[in-house]
Amino acid sequence: LSSSSGLTHESHRKDVEQVYLRCSEGSIEWMYPTGALIVNLRPNISPASYKHLTVCIKPFKDSAGANIYLEKTGELKLLVRDGERSPSRVYCFGYDQGGLFVEATPQQDISRKITGFQYELMSKGIAADLHTASAPCRPCSDTEVLLAVCTSDFVIRGSIQNVTNEAEEQESIIHVRVNKLYRQKSKVFQLTGESGNWRGQIKTLLECGVKPGDGDFLFTGRMHFGEARLGCAPRFKDFQRMYKEAKDKGLNPCEIGPD
């Protein structure tokens, strides 16, 4: 978390402050914004790899007091307008497209304003998977499922207990009961209650029309801004079939117990 306050620049309303961030994910919080911030993302990787990175930002729900621009060689392109209210909206761009320039807007009372957003740096391939515009709800092929098992942030066997639809955010929340936890990057799935069951939530697009149903699924996906996002999710019996077929041919990309 990087935090800054504009009150220290009260006498210099046109001040521009430089911020350098080394982490691949985190957040910026700018209290009482005045002047401008230049946000320099400098991850601890080889500069040669920068061209393969995508930057995504997600403004705080109550973020206000500044416009956020994409800046390259002095040219500004508006990314997020001050006061824009788009719940869960994520803005992504290639790392080589420029940096972030956050400029305070004129305010009568800056003490009531806080500008902030979360950010993530990821490979362009992963970003494309998360934000694909073409057929985001289509079923995965056998090959895609087997690869997802190896590369996803979480892999679980579970059943759908309930689905909550959020029309405003155009998302569905899948409430999952976990029967077997193969892998999770973050502690999204946890033991709950006296029953000792593992449970968790996975988000997907509302347009995918997910509904509660019987039987087990293999849920895979990515963590994105602290939330589990659904990737491939075949019925578990279908996964068992494709895993066995690939293993018999020596074509499975990684080992995971299908039972």
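**Reading a predicted chain by its definitions**

Biologist: Strand 4 (residues 36-41) is mostly covered, with five of its six residues buried. What makes a residue count as buried?

Modeller: Buried means under 20% relative accessible area, exposed means over 50%, and partly exposed is in between (1.4 Å probe, protein chains only). Five of the six residues in strand 4 are buried, so they fall under that 20% limit. Please keep in mind that this is a predicted model: local features need pLDDT of at least 70, side-chain atom pairs count only at pLDDT 80 or more, and totals for chains, interfaces and linings use all residues. Residues are numbered from 1 along each chain as its sequence is written, and side-chain values use heavy atoms, with hydrogens and water left out.

Biologist: Why is arginine 138 called partly exposed?

Modeller: Its relative accessible area is 45%, which lies between the 20% and 50% limits, so arginine 138 is partly exposed. Arginine 235 gets that label too, because its value is 32%.

Biologist: Where are these two arginines found?

Modeller: Arginine 138 is in the loop between helix 1 (124-130) and helix 2 (142-151). Arginine 235 lies in the loop between strand 16 (227-230) and helix 3 (236-248). Helices (H or I, at least four residues) and strands (E, at least two) are DSSP runs, numbered from the N terminus. The chain has three helices and 16 strands.

Biologist: What makes the pair arginine 138 and glutamate 144 a polar contact?

Modeller: A polar contact is a pair of N or O atoms within 3.5 Å; within protein, one must be able to donate a hydrogen and the other to accept it, and residues adjacent in sequence count only if both atoms are side-chain atoms. The side chains of arginine 138 and glutamate 144 are joined at 2.8 Å, so the pair meets the distance limit. Arginine 138 also has its C-alpha atom 8.5 Å from that of cysteine 208, 70 residues apart along the chain.

Biologist: How do you know that strand 2 and strand 4 pair?

Modeller: DSSP must find at least two bridges between two strands. Strands 2 and 4 have six, so they pair, and they run parallel. Within this pair, tyrosine 20 stands opposite asparagine 40. Strand 4 also has four bridges to strand 9, and those two run antiparallel; there, leucine 37 has valine 102 as its bridge partner.

Biologist: Which strand else is joined to strand 9 (residues 99-104)?

Modeller: Strand 6 (residues 66-72) is joined to strand 9 by six bridges, again antiparallel. Isoleucine 68 has valine 102 as its partner in strand 9.

Biologist: What makes strands 2 and 7 edge strands?

Modeller: They belong to an open sheet of five strands, ordered 2-4-9-6-7 with mixed pairing. Strand 2 (16-21) and strand 7 (75-80) each have a single partner strand, so one side of each is left without a neighbour in the sheet.

Biologist: What makes a set of residues a nonpolar core?

Modeller: The members are buried Ala, Val, Leu, Ile, Met, Phe, Trp, Tyr and Cys residues, joined through side-chain atoms within 4.5 Å. The largest such core here has 25 residues, and Leu41, Ile57, Leu100, Val102 and Phe117 have the most contacts inside it.

Biologist: Which residues does isoleucine 57 contact?

Modeller: Contact means heavy atoms within 4.5 Å. Leaving aside neighbours within four places in sequence, the partners of isoleucine 57 include Ile68, Leu79, Leu100, Phe117 and Phe225.
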